[in-house]
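Open the model in a viewer and keep the selection panel at hand. The stops below go from single contacts to the space around them.

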Amino acid sequence: SSNGTSSGDKTLSVGTEATFAPFEFMKKGKVEGFDVDLLNAVAKEAGYKVDIKNTGWDAMLAGVKDESIDVGMAGVTINDKRKKSYDFSLPYFESINMIVVGKDSTVTNAKDLEGKKIGVQNGTTGQISSEKLFGENNKNILKYETSAMAFMALENGDVDAVVTDNAVANEYVKKNPGKKVKTIDDKTNFSSEYYGILLPKGSELKSKFDKALNKVLDNGTYTEIYKKWFGV
Ligand code: ARG
């Protein structure tokens, strides 16, 4: 690295999709969020520096797969399908899908979304869980390139609901009191999922990051970062 502090550390290139607050979002031209702080802590512990770029979701996945990017950090859920093409760090965050609808919506659970237009971020678990309920080629499931675009579609009335990760749904509603939206949870039709740091298959970083993540969990750093972004 050339910037002088801890000069022996290699800089890892990291891809993300930064419209996913509070995990990653753009502020003054920089990517910020829970994931950014956690990855910085883990990488530092493992002896690396990171250069996080808002590549977008698809380019992140493609880049980590062909190893033009070292790491993907984007609230990426660990699942069996992805494990065929990638390695993941140990899980670092529990999540579950949640529904966001307009304040006056009569939707009370995921089954109520039958026949309604659902916005999801393309290629995410929001899409997977919606398709599980309503079918893979259901034309009422509208896929958007970014998380922000799915929310915009709800604001525009292009969709009746968004299905996304609970912390992101809650943050969106909290930060947008003027937008007249609410969250609906459904622990029957959605199930728990866990985020992991996305790595190329066979990456030497896997064991280093797991060790570092355990350290960060043990020494209070994780708790500090958690408190910063989610309160006590
Ligand atoms: N956890 C979900 C998944 O892995 C959504 C992640 C979306 N992340 C993002 N930064 N837009 O499919």
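Start at Arg82: a polar atom of its side chain lies 2.8 Å from an oxygen atom of the ligand, a polar contact being a pair of N or O atoms within 3.5 Å. This is a predicted model, in which local features need pLDDT of at least 70 and side-chain atom pairs pLDDT 80 or more, while totals for chains, interfaces and linings use all residues. Numbering runs from 1 along each chain as its sequence is written, and side-chain values use heavy atoms, without hydrogens and water.

Select Glu17 next; an N or O atom of its side chain is 2.7 Å from a nitrogen atom of the ligand. Then select Asp165, where a side-chain N or O atom is also 2.7 Å from a ligand nitrogen. The protein covers 99% of the 350 Å² of accessible area that the ligand has on its own (Shrake-Rupley method, 1.4 Å probe).

Of its 15 residues, Glu17, Ala74, Gly75, Arg82 and Asp165 come nearest. Colour the shell by type: five residues are nonpolar, five polar and five charged, with Asp, Glu, Lys and Arg counted as charged and Gly among the polar ones. Colour by domain instead, and at least three shell residues belong to each of domain 1 (10–93 + 194–230) and domain 2 (97–184), bounds that come from an automatic or database assignment.

Terms used
A residue is near a molecule or strand if one of its heavy atoms lies within 4 Å of it. A polar contact is a pair of N or O atoms within 3.5 Å; within protein, one must be able to donate a hydrogen and the other to accept it, and residues adjacent in sequence count only if both atoms are side-chain atoms.
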